[in-house]
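Subject: Structure for you to look at

Hello,

Here is the structure I said I would pass on. Please open it next to this message and follow along.

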Amino acid sequence: MQYRRLGTTGMKVSRLCLGTMTYGSPRWREWVLDEQASRPFIKQALDAGINFFDTADMYSIGESERVVGKALLDYAPREDVVIATKVFNAMGDGPNNRGLSRKHIMAAIDASLQRLGTDHVDLYQIHRWDYHTPIEETMEALHDVVKAGKARYIGASSMFAWQFAKAQFTAEKHGWTRFVTMQPMYNLIYREEEREMLPQCADQGVGVIPWSPLARGILAGKTVQGEGGETARARTDENTRKWHLGSDIDQPVIAALREVADNRGTSMARVALAWVLSNPAVTAPIIGASKPGHIEEALAALELELSEDEKAALEAHYVPHQVAGHA
């Protein structure tokens, strides 16, 4: 396994991060694996040298944190793993059970730590931008979480570059903790973050840990969405359709991906992930694993070096998209 510093921090993370939205309770989403079915994938990731695991309080409404935390502590010493979780989305029906207010952040971090079974997380991330809370309130609360020893570092997720810059400026102005990571959606058919966010992160030394590097399975060749989808997630995932991933404008890119993969004698998934990994701004893509072979495919992508001609062919047919994934 390859390891990199997370941004400009001294913490080292594997070049792949295992995303764990798929683990928790199928009562939340029918494609989610329960605890018994989840544990082999977590163990396999650890055995392969993956030390970076990303979850969120809202995944299975807390059950993902419980399942992931228990498995990690059963299989590895706490110091050997990097645990990341997130706060923002609704965790109850009350008006204060969501968002990035000081009240919710302080309650949410304690609840996450209890479910994870640890006294700290290595990376505490805001899941989205909160338009209803002053950024000063959010950044000071996150700073206090770090100073209390409940999080080692803080990170942010999909938002506009100006929002990220504002948050970082606010923290620096007050001497508070700055974000060390950004988690945007980034893949061959959604490259809007190349315009401002990725250059900003590269300039500021912020680690980039993209989600959905395979565009929710579309770049693995699973192009049918809705009722005819091959998987439960493809059949039920509203976000894929809402964000127009895999629409007609993406088909030339997908065709180029298939051609490069065929010429290489390898899979579309490996090539698509290798392309994300080839961006020097990217620290560790967040991969999913819910079926045998998923982790092996991701590991193989680490060894696949694309030529400049191959990357040019993959990128040639991209057209601008509406901003997606921020809400």
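A residue counts as buried when its relative accessible area is under 20%, as exposed when that area is over 50%, and as partly exposed in between. By that rule Leu214, at 23% relative accessibility, is partly exposed. Please keep in mind that this is a predicted model.

Leu214 sits in the loop between β9 and α7. Apart from neighbours within four places in sequence, Leu214 is in contact with Leu219, Ala220, Ala269, Ala272 and Leu273. Ile42 is 172 residues from Leu214 in sequence, and their C-alpha atoms are 20 Å apart in space.

The sheet

In what order do the strands of the open sheet lie? The order is β9-β8-β7-β6-β5-β4-β3-β10, which makes eight strands with parallel pairing. β9 and β10 (286-287) are at the edges and have a single partner strand each, so one side of each has no neighbour in the sheet. As background, strands of a sheet pair through backbone hydrogen bonds, in either a parallel or an antiparallel way.

You can go through several of the pairs one by one.

- β4 and β5 (residues 82-87) are parallel and share three bridges. In this pair Phe52 is opposite Val82 of β5.
- β6 (residues 121-126) and β7 are parallel and are joined by five bridges. Here Ile126 is opposite Ala156 of β7.
- β7 (residues 151-157) and β8 are parallel, with four bridges. Ile154 has Phe179 of β8 as its bridge partner, and Gly155 has Thr181 of β8.
- β8 and β9 are parallel and are joined by two bridges. Thr181 has Gly207 of β9 as its bridge partner.

β6, helix α4 (residues 135-147) and β7 form a right-handed β-α-β unit. From β7 the chain crosses through helix α5 (residues 161-174) to β8, again as a right-handed β-α-β crossover. β8, helix α6 (residues 197-204) and β9 make a right-handed β-α-β unit as well.

How many residues of β8 are buried? Five of the five residues of β8 (residues 179-183) are, so this strand is largely enclosed by the rest of the structure. For β7 the count is five of the seven residues, so β7 is largely enclosed too.

Val208

Val208 belongs to strand β9. Is Val208 buried or exposed? Val208 has 0% relative accessibility and counts as buried. Leaving out residues up to four places away in sequence, Val208 touches Met182, Pro184, Leu198, Cys201, Ala281, Val282, Thr283 and Ala284. One of these contacts, Val282, is 74 residues from Val208 in sequence, yet the two are 4.9 Å apart in space, C-alpha to C-alpha.

Two helices

Two packed helices are described by the angle between their axes and the distance between the axes. For helix α9 (residues 251-264) and helix α10 (residues 268-277), the angle is about 105° and the axes are 8 Å apart. α9 and α10 are therefore roughly perpendicular to each other. Which residues meet at this contact? From α9 they are Ile254, Leu257, Arg258, Val260 and Ala261, and from α10 they are Met268, Val271 and Ala272. By class, the contact has seven nonpolar residues, one charged residue and no polar ones.

Ala272 is also among the contacts of Leu214.

Two backbone angles

Most residues other than glycine have a negative phi. Ser60 is not a glycine, but its phi is positive, at about 55°. Ser60 is in the loop between β4 (52-54) and α2 (63-75), and it is buried, with a relative accessible area of 6%. Arg216 is not a glycine either and has a positive phi of about 60°. Arg216 lies in the loop between β9 (207-208) and α7 (232-236), where Leu214 is also found.

Regards

Note on methods
Residues are numbered from 1 along each chain as its sequence is written. This is a predicted model: local features need pLDDT of at least 70, side-chain atom pairs count only at pLDDT 80 or more; totals for chains, interfaces and linings use all residues. Side-chain values use heavy atoms; hydrogens and water are left out. Axes are lines fitted to C-alpha atoms, for helices over the stretch in contact, and angles run from 0 to 180 degrees between N-to-C directions. Angles under 35 degrees count as roughly parallel, over 145 as roughly antiparallel, 65 to 115 as roughly perpendicular and the rest as oblique. Contact means heavy atoms within 4.5 Å. Ala, Val, Leu, Ile, Met, Phe, Trp, Tyr, Cys and Pro count as nonpolar, Asp, Glu, Lys and Arg as charged, and the others, Gly among them, as polar. Buried means under 20% relative accessible area, exposed over 50%, partly exposed in between (1.4 Å probe, protein chains only). Two strands pair if DSSP finds at least two bridges between them. A crossover is right-handed if, with the strands pointing away from the viewer, the path from the first strand over the helix to the second runs clockwise.
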